[in-house]
Amino acid sequence: MSEAARAEAAAAAGAARQAAMLNAMPVVFVLIWSTGFVVARFGMPHAPPMGFLALRYAFSVAAFLLWILWARAAWPQGRAQWLHLGVTGVLMHAGYLGGVWAAVKDGLGAGLAALIVGLQPMITALWISARGHRHHVSARQWLGLVLGLAGLLLVVWHKLHLGEARAFNVALAVVALASITAGTLYQKRWVKPCDVRTANTVQLLAALAVTAPLAWLETESIRMHPELVGAMAWSVLVLTLGGSSLLYLLIQRGAATAVTSLMYLVPPCTAVLAWLLFGESLSVLVLAGLALTAAGVALVVRDPLRQARAATPG
């Protein structure tokens, strides 16, 4: 084989690996993000929400800094990009996670919290349509969004009666919804492509700056327990270094509607994990919701994935 042929074969293999990674990213993200309930289940009984999250952000920053130093990753250029990353960090970490954790800790049922936050894809699509964004929402994607929301409702239906919905904890969940939606749209509009490790570090520092003072106001103390240590390790090493990094890359590479529609898949995958790990029931209604949600998300992301493959060199 000639040198040119070998180079062409190597380039083709590299392009194939890149395409495979792009295709796998949404699946891996959903699987990782779905394990958030494990962290909440084991961590929440032993720590207040803001205290836990402040420690999570601090440990995550330390882990990212070690990774950055080892890889000599480049930091974002210019004060404007640091500011934009800081805004997204406050919204997508402090606002979203803080709102959900505080709402559930205050007694809001996990099913209702998932349903409220699950409105994100619909709100994102409505915003994009109203603004006349170049990534318009097609009729097929609208159908997928409606099917996904219907599937989500089926998945969480048996849990909607759990907990105690009050104005305060519902408002916290709505704050979480507004934060993750605004953060996704803001990042897509203002944050320029940069190294995911340094970008995440800036985001987490901003989230820590907001969350740490709130943690000081909490009266509940953090009680050291093996379950808390395990939950913290998983939240830092898997959910933040893995899941948050993948979410950043997905927003950077994909249309906002397609990316947010992946959130529909998190509650169904969580239900399956709860069945596998904790023996929770997996009813026909939940399975039907899972299938409906998967079909809806497939309708939403089909064109964006095709466009991403077409944009892959090779």
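A crossing of two helices is called left-handed if the near helix is turned anticlockwise from the far one by less than a right angle, and right-handed if clockwise. Helices here are DSSP runs (H or I, at least four residues), numbered from the N terminus.

This is a predicted model, in which local features need pLDDT of at least 70 and side-chain atom pairs count only at pLDDT 80 or more, while totals for chains, interfaces and linings use all residues. Residues are numbered from 1 along each chain as its sequence is written, and side-chain values use heavy atoms, with hydrogens and water left out.

**View A. Helices H6 and H8 cross in a right-handed way.** Helix H6 covers residues 120-131 and helix H8 residues 167-190; their axes come within 10 Å and cross at roughly 45°. Axes are lines fitted to C-alpha atoms, for helices over the stretch in contact, and angles run from 0 to 180 degrees between N-to-C directions. Look for Gln120, Ile123, Thr124, Trp127 and Ile128 of H6, which meet Leu177, Ile180, Thr181, Thr184 and Leu185 of H8 (contact means heavy atoms within 4.5 Å). Six of these residues are nonpolar, four are polar and none is charged (Ala, Val, Leu, Ile, Met, Phe, Trp, Tyr, Cys and Pro count as nonpolar, Asp, Glu, Lys and Arg as charged, and the others, Gly among them, as polar).

**View B. Helix H3 meets helix H10 in a right-handed crossing.** The axes of H3 (residues 49-71) and H10 (residues 226-253) come within 9 Å and cross at roughly 55°, so the two are oblique to each other. On the H3 side, the contact includes Phe52, Phe59 and Trp67; on the H10 side, Leu228, Met232 and Leu239 are among the residues. By class, twelve nonpolar, four polar and one charged residues take part. Just after H3 comes Arg72, with a positive phi of about 55°.

**View C. Glu220 sits in the loop between helix H9 (196-217) and H10.** Glu220 is partly exposed, with a relative accessible area of 27% (buried is under 20%, exposed over 50%, partly exposed in between; 1.4 Å probe, protein chains only). Setting aside neighbours within four places in sequence, Glu220 touches Pro45, Ala47, Pro48 and Lys105.

Technical notes
Parallel < 35°, antiparallel > 145°, perpendicular 65-115°, else oblique.
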